[in-house]
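Okay, everyone, thanks for coming. I've got one chain to walk you through today, so let me put it up on the screen.

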Amino acid sequence: MVSLRKAMKFLPFFFLFFTVIFVSAIGSNIPRLGTFQQTILRDPKASPQNVSNDFQTFYYSQTLDHFNYRPQSYKTFQQRYVISFKYWGGANSSSPIFAYFGAEAPLDLDLAGIGFLTENAPQFKALIVYIEHRYYGQSIPFGSMTNALKKKGLRGYFNSAQAIADYAEVLLYLKKKLSAESSPVIVIGASYGGMLASWFRLKYPHVALGALASSAPILYFDDITPQNGYFSIVTKDFEEASKSCYETIKQSWSAIDKVAAQSNGLSLLSKRFKTCRQLERSSELKSYLETLYTNAAQYNQPPTYPVTVVCGGIDGASNGTDILRRIFMGVVADLGNRSCYDIDVLNYPPETILGWSWQTCSEIVMPIGRGHNDTMFPAAPFDLNSFAKECEEKYGVPPRPHWITTYYGGHGTREHIQQCSRGVYCQWIS
């Protein structure tokens, strides 16, 4: 065990944040939680760059099912994990292990873009470990995501409880292999990965000393957070950037409907927004624009400040320019001047989208929606009955909307965290 004196020196750097961050999706699908600015509106085939040569890739023979004892439960698959020994002080120094939890995507972008670990590891002489989430990237049982999800008896192993059990098994294996039993483990994650880090600290306090959960919406379940919480934040971002931009966007939805109602309305909208194919429904254009706005708000950071860029295009149109032309100018400002704009960009079926669709149709059921006039977006309340019907039609099983709060906690979590922040003897060090 690590002494309290040694443990205390690491704690001030690990706090739990609860910023709700998402990427919007079409229809009643629950938005995907992304750590990095999505390339979906820019280049769906984009690949990570500049992965450090200090990272070494390994594979662990992971147990398929941690919670049952059927013969199939003992099957294994290869789970990818990546280590940097560059800054580690070694096992004899009880230097910490920073363990980053992969989320609903391959590890590659995390390796290239998560700077927190490499920036702080030198100070603590920490070992850096990245562990890929089961069913993503190179850690997919049964060959591919498509094959795994086709078989009803196999996709049931694809859930958060199995994922954090994977992380526990890998970390305990590494501590033993590296003779690092005295090295404290700090688990780290962002967005959905942050949720996993939070839940891991609750379920495996004997493995992790602390958890850093950045932008982890662990309270966006049941009725704990208002449905419109996320879209209200997006709206606030745009309103603060430019009141006129906010008003133009708010008025644009009815303007789109008005044109679409004309006999050749969809053709007109297709030409005005230079879509790569003819629109079949006005909702296609609305979903595309909604994703552009939410993507801009989620990653509204220096040096680009995409919300300011979008609003610059909308507000920069000359006097007398109609609403739809202003909206299109916002698209051009954000994405650049193109020969056409692909409204089907969200329909590409990468394994990440397929995997997240299953996860939200099984346990990650976050009631994200909005009402009338409470955001700059058109009304789209979350309807659990409709959502459950869609999931059952797609996968043959209904979602379990209350399982997350049952298994990990819900209403009492906030109070428990606040109490833990006052002392180090809590089950959950925040």
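Before I start naming pieces: helices here are DSSP runs of H or I with at least four residues, strands are E runs of at least two, and both are numbered from the N terminus. Also, keep in mind that this is a predicted model.

Proline 303 lies between helix H11, residues 282-298, and helix H12, residues 306-315. The peptide bond from proline 302 to proline 303 is cis, with omega near 5°. Lysine 125 has a phi near 55°, positive even though the residue isn't glycine, and it lies in the loop between helix H3 (116-124) and strand S4 (127-131). Serine 179 also has a positive phi, near 55°, and that residue lies in the loop between H6 and S5. As background, most residues other than glycine have a negative phi, and most peptide bonds are trans.

Okay, zooming out. The chain has 17 helices and six strands. Of its 430 residues, 53% are buried. If you take contacts with a separation of 6 or more, 73% of them are between residues 24 or more positions apart. As for the surface, the chain exposes about 19400 Å², and carbon and sulfur atoms supply 52% of that.

So what's inside? The largest nonpolar core has 99 residues, and the ones touching the most other members are Val187, Trp199, Phe200, Phe238 and Tyr293. Helix H6, residues 160-177, gives this core its largest share, eight residues. Apart from that core there's another one, of 18 residues, with Ala126, Ile186, Ile188 and Leu209 among them. In general, nonpolar side chains in soluble globular proteins tend to be buried together.

Leaving out residues up to four places away in sequence, tryptophan 199 touches Ser160, Ile164, Ile218, Phe221, Ile364, Ile404 and Tyr408.

Now, H6 itself. How far apart are its end C-alpha atoms? They're 26 Å apart, and that agrees with expectation, because 18 residues at 1.5 Å a residue should span 26 Å. The helix is mostly covered, with 13 of its 18 residues buried. At its start, a side-chain oxygen of asparagine 159 comes to within 3.2 Å of the backbone nitrogen of alanine 161.

Is lysine 175 buried or exposed? Its relative accessible area is 12%, so with buried meaning under 20%, lysine 175 counts as buried. What does lysine 175 touch, beyond residues up to four places away in sequence? The contacts are Ile97, Ala180, Glu181, Ser183 and Val185. Lysine 175 and isoleucine 97 are 78 residues apart in sequence, yet their C-alpha atoms are 9.0 Å apart in space.

Last stop, the strands. S5, residues 185-190, pairs with S6 in the parallel sense over five bridges. Within that pairing, valine 187 stands opposite alanine 211 in S6. That's the Val187 from the list of core members with the most touches. S6 covers residues 210-214 and is mostly covered too, with four of its five residues buried.

Terms used. Residues numbered from 1 in each chain as written. Predicted model: local features only at pLDDT ≥ 70, side-chain atom pairs only at ≥ 80, totals over all residues. Heavy atoms only, no water. Core = buried A, V, L, I, M, F, W, Y, C linked by side-chain atoms within 4.5 Å. Buried < 20%, exposed > 50% of the residue type's maximum accessible area, 1.4 Å probe, protein only. Contact = heavy atoms within 4.5 Å. Areas by Shrake-Rupley, 256 points an atom, 1.4 Å probe, with all protein chains shown as cover. Expected span 1.5 Å × (residues − 1). Polar contact = N/O pair within 3.5 Å; in protein donor to acceptor, adjacent residues only side chain to side chain. Pairing = 2+ DSSP bridges.
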